[in-house]
Amino acid sequence: MPTLTDWFPVALTGTVMDLSTMNPWCAKGVILLASLVMVVIRAPHGHRSRTVPVARSRKGSLELVLLTIAWAAFFLPLIWIAAPLFEFADYPLHPIPFLAGCLCLVLGLWLFHRSHADLGTNWSITLEVRDKHQLITHGVYRWVRHPMYAALLIYSAGQALVVPNWLVGPSYGVAIVLLIVLRLQPEERMMRDEFGKDYEAYTARTKRLIPGVW
Ligand code: SAH
């Protein structure tokens, strides 16, 4: 089986390879910026949610575990940027996955912002019903019932594509899939108990994460 070096001199092959790989600091810069934007989007909502009393909470030990995993997975890329701890799993960064990943990060952050804006004071980091909680079915909640989780999934796909590290790249995706798998049903049960027929009607006309699919 002929290889690339059979057709091109080694020096030329080296040049071709160099053109198709990027400096990993491009990925590190993008992830740093994206993490910062995520914190900036969430911060005012986190701050405001502390001022709205919780009427009913379903924050059990599973929730604590899921939130801890999600936080740890959020910080992993920052550790990868700051220290050589995960260097053993690095691989070369290529422009096509990098650009596709950047697009996913932008789309994920936009949807993350829109879902926070539409939920308003009804947002909680965990399974809680707030005082005067309203069922939101407008804005991005008209498309799917869990646009914030969809945003986190799109963001984590972006991270997996941008971060050239087999361990750190997919880590946020693993945490978010776990969160979705274990939280979606209890959350929908809580919403059904709270809003009854209105939530039933909402579930009848919307899908969970992907419009028209699931
Ligand atoms: N699962 C949603 C919201 C995540 S935040 C999403 O992915 O977009 C979690 C909290 O949001 C829950 O504790 C619940 O109180 C609240 N919530 C979820 N869906 C809601 C809706 N349609 N209207 C109002 N509050 C909602």
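Trainee: How do the residues of the shell around the ligand divide into nonpolar, polar and charged?

Mentor: This is a predicted model. In it, the shell has 12 nonpolar, 6 polar and 2 charged residues.

Trainee: And which residues are the closest to the ligand?

Mentor: Thr126, Glu128, Tyr141, His146 and Glu187 are the closest, out of 20 residues that surround the ligand.

Trainee: Which helix gives the largest share of the shell?

Mentor: H7, with 4 residues. Helix H7 covers 171-205, and helix H6 covers 147-162; each of the two supplies at least two residues of the shell.

Trainee: What about polar backbone atoms, how far is an oxygen atom of the ligand from the one in Thr126?

Mentor: That distance is 2.8 Å. A ligand oxygen is also 3.0 Å from a polar backbone atom of Tyr149, and for Pro147 the value is 3.4 Å. The protein covers 99% of the 540 Å² of accessible area that the ligand has on its own.

Trainee: Where does the ligand sit, then?

Mentor: In the largest pocket.

Trainee: Changing topic. How many aromatic pairs are there?

Mentor: The count comes to 8 aromatic pairs. One of them is Trp71 with Phe74, with ring centres 6.0 Å apart.

Trainee: Why is that pair edge-to-face?

Mentor: Because the planes of the Trp71 and Phe74 rings are at 85 degrees, and planes over 60 degrees apart count as edge-to-face.

Trainee: Where are Trp71 and Phe74 in the chain?

Mentor: Both are in helix H4, residues 61-82. They are 3 residues apart there, so about one helical turn separates them.

How values were computed. Residues numbered from 1 in each chain as written. Predicted model: local features only at pLDDT ≥ 70, side-chain atom pairs only at ≥ 80, totals over all residues. Heavy atoms only, no water. Near = heavy atom within 4 Å. Polar contact = N/O pair within 3.5 Å; in protein donor to acceptor, adjacent residues only side chain to side chain. Areas by Shrake-Rupley, 256 points an atom, 1.4 Å probe, with all protein chains shown as cover. 1 Å grid on protein atoms, 1.4 Å probe; cavity = no way out; pocket = protein on both sides within 12 Å on 5 of 7 lines; lining within 4 Å. Sits in = over half its atoms within 2 Å of the grid points. Nonpolar A, V, L, I, M, F, W, Y, C, P; charged D, E, K, R; others polar. Phe/Tyr/Trp six-rings, centres within 6.5 Å; stacked < 30°, edge-to-face > 60°.
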